[in-house]
Amino acid sequence: LSGTALYPGDDIESVKSQVFSKRRMRFHPSVPKEAKDLIEKMIVKEPEQRISLAAVREHPWFVVNYKPIIPEQQLQQQQAQQASPQFISSGILSSHQKTASGGRTNS
C-alpha cells in the first residue's frame, strides 16, 4: 500500500529472521488503521488462526477499497463462456490433437 517493506532488511535472511521472531511489522504512516488490521490478520502463521477469505471480503477496509481488475459483469461472462459445452469440447479437441501429434501443432 505504501511501497515500503513491513520488515526492513538488507537481505532475505534478515527479513526472514524478523518474520519468524514474530517481530511487529513497521507500517508506513500513510497506511490506514483498517488496512493494518487486515494485513495483520492475513499474515498469521497458523492457518487455523488466520483470517478466512470470506472474512477478508467482509473486512471494512476491503469492502470500501476493493476495486476488481476485471469488472464483475465481465468476469461472470468469461466464466459462463468457459463453462459452455463448446468451449470445453474445443479444449478437449485441441488437447487431443496435441497428444496425437506428439505435442506439435499443425501450422
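Modeller: Let us begin with contacts, meaning heavy atoms within 4.5 Å. Among the contacts in the protein chain with a separation of 6 or more, 27% join residues 24 or more positions apart. The model is predicted: local features need pLDDT of at least 70 and side-chain atom pairs count only at pLDDT 80 or more, while totals for chains, interfaces and linings use all residues. Residues are numbered from 1 along each chain as its sequence is written, and side-chain values use heavy atoms, without hydrogens or water.

Colleague: How many helices and strands does the protein chain have?

Modeller: Both are DSSP runs numbered from the N terminus, helices being H or I of at least four residues and strands E of at least two. The protein chain has 6 helices and 0 strands, in the order α-α-α-α-α-α from the N terminus.

Colleague: Which residues form the largest nonpolar core?

Modeller: Such a core joins buried Ala, Val, Leu, Ile, Met, Phe, Trp, Tyr and Cys residues through side-chain atoms within 4.5 Å. Buried means under 20% relative accessible area, exposed over 50% and partly exposed in between, with a 1.4 Å probe and protein chains only. Here the largest core has 10 residues, namely Tyr 7, Met 25, Phe 27, Val 31, Ala 35, Leu 38, Ile 51, Val 56, Trp 61 and Phe 62. Helix H2 (33-42) and helix H4 (60-65) each contribute at least two of its residues. Beyond four places in sequence, Trp 61 touches Leu 1, Pro 32, Glu 34, Ala 35, Leu 38 and Tyr 66. In the protein chain of 107 residues, 13% are buried.

Colleague: Why does Ser 52 count as partly exposed?

Modeller: Ser 52 lies in the loop between H2 and helix H3 (53-58), and counts as partly exposed because its relative accessibility is 39%. Its C-alpha atom is 9.1 Å from that of Lys 41, 11 residues away along the chain.

Colleague: Where is Arg 26 found, and which residues does it contact beyond four places in sequence?

Modeller: Arg 26 belongs to the loop between helix H1 (12-20) and H2. Beyond four places in sequence, Arg 26 contacts Ala 5, Leu 6 and Pro 8. Tyr 7, 19 residues from Arg 26 in sequence, is 6.5 Å away, C-alpha to C-alpha.
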